[in-house]
Amino acid sequence: MSLRNTTTRFGTIAKFLHWTIAVGLWAMFLFGNYISDLKIGPDNFYLIPRHKAFGILMLSLISIRILWRITNRPPTPLSSSAREHLIARTTHAALYLLMLATPLFGWIGASATGFSIPFFGLFNVPLLWGEDENIADLFFMFHGFAATTLIVLSILHLGAALYHHFILRDDTLRRITR
Amino acid sequence: MRFIMSLLFIAFASATMAAPQQYAVDPANTDVGFTYIFGEKPIHGTFPDYDIDVAIDFGDVSNSTVLVALKTQTATGGFIFGTQAMRSKKILNARAFPAITFKSTSVTGGGDTAQINGDITIRGVTNPLTLTAKLFRPNGTTANDLDDLTLKITGTVDRFAFGADGYADEVGAALEITIDAAIKKQ
């Protein structure tokens, strides 16, 4: 099993990053929705900085994944029409863009609240914006919209993988699972 | 143990004192704090930096005066995020309004309690406020010994009346202010 991608298979590092981030994004989406509906008090307030810390962790992993993607060519796409290929490329590009934008919007919004952003008690993450309620509201709205769009795209992405596996019966899904 | 002092009793016991006596606050034995409701729980915050000017006329309590300035930039809110929220633009806006001030306009006494009427300014907004004051003297001192006293002032501020209305869903409107000051006659 290779750490790096080959022309026919994703390597271990790409697979690890793919599945860790996939699970992480869904968990963060559910976590974010849970705390946004919560009546915040002293007993559950810690969930907010925890969400921010995991968001920073996700952003770090996503950045590594993008660097890995740039420096490590993915396997050659399996046979599909030019139209399907274009859709796949566009969806992947949008996924990468939203994976970056979602935590970044959250980071800017969180910065603009004026609260510090502790990273699991180890250090405080730098704030990207001064205290500004309007900016906080705006970027939290972007954050929520980007997160929802990302989840919708991830469902389409999963649907496409299943389409390749069960309809086209090619190895597209197996490349990232085995 | 400290004995609670009746202001009226002090007035009779100290009838020879005609002018207000200036008292200095001993910071080492003084706490200036407040309690607010976060969720459903009371949280205690502090104002570690303050200026308190007290003059007490034991002969005529109405001549007494109280001036208080609480520094907002060092206010604490009970926990780190409470502190940050407290100083933020949504509540005290400490950077723009570095102090909360209270200036008494009249003092009335009855029994063991005095009412301090005055004006409080928070975020540049001034509203009337009535505080309750009690004086204590140390155990073992005589009724005439008024050199070292403890002054306890309490009052409730509705933060919404001053535009300090941030986090209204999570944090209650009322701030219960408590000043527990050791004061020494000058």
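How many helices and strands does chain B have? Select chain B and you'll find 2 helices and 10 strands (DSSP runs, H or I of at least four residues for helices and E of at least two for strands, numbered from the N terminus). Walking from the N terminus, the order is β-α-β-β-β-β-α-β-β-β-β-β.

Before going on: this is a predicted model, where local features need pLDDT of at least 70, side-chain atom pairs count only at pLDDT 80 or more, and totals for chains, interfaces and linings use all residues. Residues are numbered from 1 along each chain as its sequence is written, while chains are lettered from A and ligands numbered from 1 in the order in which they are written.

Stay with chain B and colour by burial: 33% of its 186 residues count as buried (20 or more other C-beta atoms within 10 Å of a residue's own, with C-beta atoms placed from the backbone).

Now show both chains. Here 11 residues of chain B are in contact with 10 residues of chain A (C-beta atoms, placed from the backbone, within 7 Å). On the chain B side, β3 (41-46) and α2 (80-87) are the elements giving two or more residues.

Next, select residues 82-112 of chain A, helix α3. Its 31 residues should span 45 Å at 1.5 Å a residue, and the end C-alpha atoms are 44 Å apart, which agrees (the expected span is 1.5 Å times one less than the number of residues). Buried residues here include A:Leu98, A:Phe105 and A:Trp107.

Last stop: A:Gly114, which follows α3(A) and has a positive phi, near 90°.

Key: Contact = placed C-beta atoms within 7 Å. Buried ≥ 20, exposed ≤ 12 C-beta atoms within 10 Å, placed from the backbone.
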